[in-house]
Amino acid sequence: MFKDVKNKLKYTIHYIVKKDPKLLVGTILVTSVCLVAIFAPLIAPYSPIDQNLVESFQSPNLKHPLGTDGLGRDLFSRIVFGARISLAVGLIVQLFSSILGITLGTLSGYLGGYTDDVIVNINNLMLAFPRILFAMAIIATMGAGMFNVFIALGLVSWTVTCRIARSSALSVKEEEFVEAAKAIGGSHVRVLTRHVLPNTLGPLIVIATLGVGSAIIAEATLSFLGLGVQPPTPSWGGMLSKGREFIYYAPWISTFPGLAILMTILGLNLLGDGLRDILDPHSETEHI
Amino acid sequence: MLSFVARRVLEMIPTVILLVLVVFILMQLVPGDPAMMVGDPRAARDPEVMERLREHWGLDKSLPVQFFTFLGKLVRGKLGRSYAMREPVVSIIAERIPVTLRLAFSAILFSAVFGMALGILSALNKGTMIDLFAMSGAVFGISMPNFWLGLMLIFLFGVILGILPTNGYGGGDIRHLILPMVTVGTAYMATITRTSRAAILDMLNKDYVRTARSKGLTERLVISKHVIRNALIPIITILGLQFGFLLTNTFVAEIIFSYPGLGSLMINSISRRDLPTLQGCILVAGLTFLILNLLIDVLYAYLDPRIRYD
C-alpha cells in the first residue's frame, strides 16, 4: 500500500513541474514561507523584539525596507520572525487535530456500533457551531497566549478530518483485502495501520493542507482581537492589530503583515486545490 | 412542509441544551473569584463585604444548584446583570442584535448577488479571460484575512479618497454600512463564486439540459429555468455551511469599524472580564447561528421537495 502512495508522490512531482500552474505557484509560495521561517535569524537584519524609539514610525526606506512600527522595530524582521509563529501554529494545530480526527474517525468507521454513535454525535454538535467562536470561548476562560491558542484551535479543528477519516474507513472496511488481512489473523491495530489508513491518506492530506491555512488565519484572527499570541512575540495578527491604531498615518504597519498572511494562505490554498485534483479526484473534500 | 419545520425545530433542542451546558461549564472554568471582579478593589480586603457579594450574586451555592438556577432564569429570558454596565444583559444584547443582523444580512445579500453573478458569468465563459480573472479573484478573496481587507478599505476609502465613513454605526446611515459589508462579504462572495461556477458547469452536462436545448428552447430559457434553478441547491448548501465564517467575520468587522454590535460587545466583555455579558453573547451568537442554519434547511426543503420527505 505504501508503494502505491510513493508512486502517487512521484507522479505528483512530475505533475507539479509539467502541468498544473496552481500546484507550482502554491508549492513555490509555501516552500518560500517555510524557508523564511527556518532561516529567520539569517534573513532578518534586526531583532524582531528590541525597541528603538528614535526610529519609530519610519515609512519604508533603504535602512528599513518595510518601515518601522510605533516602537521603532524593523517591520521586515518582525514579519520574517512572524512566519515562524504562524507556521508553528498552523502545523502544531493541524498535527494535533489530525491525530485526534484520524484516530476518532477511523475508530468510529471501523468499529461501528456504539463507539460510532457517540463520536458521530459529538462531531455533529461541534460542527453546529462556528469554530472561532468556540475557540474564543475557550480562550476567554483559559486566558490568551500561544499555548492556549494551540489547545483551543486543536480542540475545535478535528471535526472535518474525523468525518472524512470515518467515511473512508467505512468504505475501505468492506474491501476484500481488509477481509483477507483479517482472515490471515491480522490484529485490529495491524489492519488499521497497514490497510485502512494508507487508503484514506489522499483526502486526508488535502484536508490537512487546507487545515494548516485555516489554523493560521484563525490564529491571526485571535491575535488581532488580542486573544492570541501576546506581544512582544511577533505574530502577524498581533502586528495588524497594532497597525490598526495607526492606520491613518502609518498604514505600512498594517499593510505588510497582511500581505504576508495573504501570500501564505494563498500558497496553501493553491497547494491544497492542486493536491485535491491529483489525490482526491472524486472530490470528497470539496467545499470544506 | 410544516411537519418538516416542526421536526427540525425539535431536533434543535438537544443542541441548545448542550450549548447552555458548555457555556455554563466554561464560565465555571474562568480563573479568579467572580466576586472580586464585581466589587470595588478596596472591598476585596473586607471578607464580610465579599461574603455579601457572593450571596447577592448566588455564588455561594453548589454548582448543580447554580446551573439549574441559571437554566431557570434563561427560560424566563433572564441573563443576569452586566458586571461592567450594571444593566440587565438581555437589554444590552437586545440593543446590539439588530446592528449585527443588519450587517450580516446585507453581507449575505451582497455576496450572494455578486458571487452568483460572477460564478454564472465565468461558468458560461469557461476557459476565457473572464473565467480566469473571476477564478483568480476568488482564490485571492478566500485567502485574504478579512480584518486586513477591512484595514485596507479604511485606508483606501477613508484616508486616501476620504469618501466613506470608517468609524461607527452612524445611526444606521447606509454609508456607514458599505465598508463593513464588503469586509464581511468578500470571502463569502469568493466561495459562492467558486461554488456556483462548479454547480453550473455540472448542470450544463445534465441530460435534461440537453433535452431542453434539443426541443428548441432558447439558450436564455435553458440557462435561467433549467440550469440556474437546479444549481441553486449546492449554492445554498455552501451558504449554510459557511455561516460560521460569516458570523465570525461579522464580529471581527464590528471591532475594526467600531460597530456597536454583538461581536464588539463580546470581545469587549472578554477583556473587561464581564462574565454575564460574555455568557449572554456566546449563548445568543450560538442561538443565532442555529436559527440561521434552520432557515437554510427550510429554504433547502422548499427548493428540493425530496428533502422534506426524507
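This is a predicted model: local features need pLDDT of at least 70, side-chain atom pairs count only at pLDDT 80 or more; totals for chains, interfaces and linings use all residues.
User: What is the secondary structure of chain A, and which pattern does it follow along the sequence?
Analyst: Chain A comes to 13 helices and 0 strands.

User: How much accessible surface does chain B have, and what share of it belongs to carbon and sulfur atoms?
Analyst: Chain A exposes about 13000 Å², with 67% supplied by carbon and sulfur atoms. The accessible surface of chain B comes to about 15400 Å², and the share belonging to carbon and sulfur atoms is 66%.

User: Among contacts in chain B between residues at least 6 apart in sequence, what percentage joins residues at least 24 apart?
Analyst: In chain A, residues 24 or more positions apart account for 72% of the contacts with a separation of 6 or more. In chain B, the percentage is 73%.

User: How far apart are the centres of the positive and negative side chains of chain B?
Analyst: In chain A, the mean positions of 21 positive and 19 negative charges are 5 Å apart. Chain B has 29 positive and 20 negative side chains, and the centres of these two sets lie apart by 8 Å.

User: Which elements are included in what covers the buried residues of helix 7 of chain A?
Analyst: Helix 7 of chain A spans residues 146-156, and its buried residues are Asn148(A), Val149(A), Phe150(A), Ala152(A), Leu153(A), Gly154(A) and Val156(A). The cover over these buried residues includes, from chain A, helix 4, helix 5 (113-127), helix 6 (131-142), helix 8 (159-173) and helix 11 (201-224).

User: Is Asn269(A) buried or exposed?
Analyst: Asn269(A) is found in helix 13 (residues 252-279) of chain A. Leaving aside residues up to four places away in sequence, Asn269(A) touches Leu210(A), Ile142(B) and Ser143(B). Because its relative accessibility is 13%, Asn269(A) counts as buried.

User: Which residues does Asn52(A) touch, not counting those up to four places away in sequence?
Analyst: Asn52(A) is placed in the loop between helix 3 (40-43) and helix 4 (75-111) of chain A. With a relative accessible area of 30%, Asn52(A) is partly exposed. Beyond residues up to four places away in sequence, Asn52(A) touches Leu71(A) and Gly72(A).

User: Why are Glu245(A) and Lys242(A) separated by about one helical turn?
Analyst: The side chains of Glu245(A) and Lys242(A) meet in a salt bridge, 3.1 Å from N to O. Glu245(A) is partly exposed at 48% relative accessibility, and Lys242(A) is partly exposed at 44%. The separation is about one helical turn because both lie in helix 12 (residues 236-245) of chain A, apart by 3 residues.

User: What is the N to O distance in the salt bridge of Arg213(B) and Glu219(B)?
Analyst: Side chains of opposite charge can pair when their charged atoms come close. Arg213(B) has a relative accessible area of 35%, while that of Glu219(B) is 40%. Their side chains meet in a salt bridge with an N to O distance of 2.8 Å.

User: Which residues form the negative surface patch that includes Glu179(A)?
Analyst: Glu179(A) lies in helix 9 (residues 176-183) of chain A. At 46% relative accessibility, Glu179(A) counts as partly exposed, and patches are made of residues with over 30% relative accessible area and no salt bridge. The residues forming the patch are Glu174(A), Glu175(A), Glu176(A) and Glu179(A).

Definitions and conventions: Residues are numbered from 1 along each chain as its sequence is written. Chains are lettered from A and ligands numbered from 1 in the order in which they are written. Side-chain values use heavy atoms; hydrogens and water are left out. Patches are made of residues with over 30% relative accessible area and no salt bridge: like charges are joined within 9 Å, nonpolar side chains (Val, Leu, Ile, Met, Phe, Trp, Tyr) within 5 Å. Accessible areas come from the Shrake-Rupley method with a 1.4 Å probe; for residues, only the protein chains shown count as cover. A salt bridge is a side-chain nitrogen of Lys or Arg within 4 Å of a carboxyl oxygen of Asp or Glu. Lys and Arg count as positive and Asp and Glu as negative; His and the chain ends are not counted. The place of a charge is taken as NZ of Lys, CZ of Arg, CG of Asp or CD of Glu. Helices (H or I, at least four residues) and strands (E, at least two) are DSSP runs, numbered from the N terminus. Buried means under 20% relative accessible area, exposed over 50%, partly exposed in between (1.4 Å probe, protein chains only). Contact means heavy atoms within 4.5 Å.
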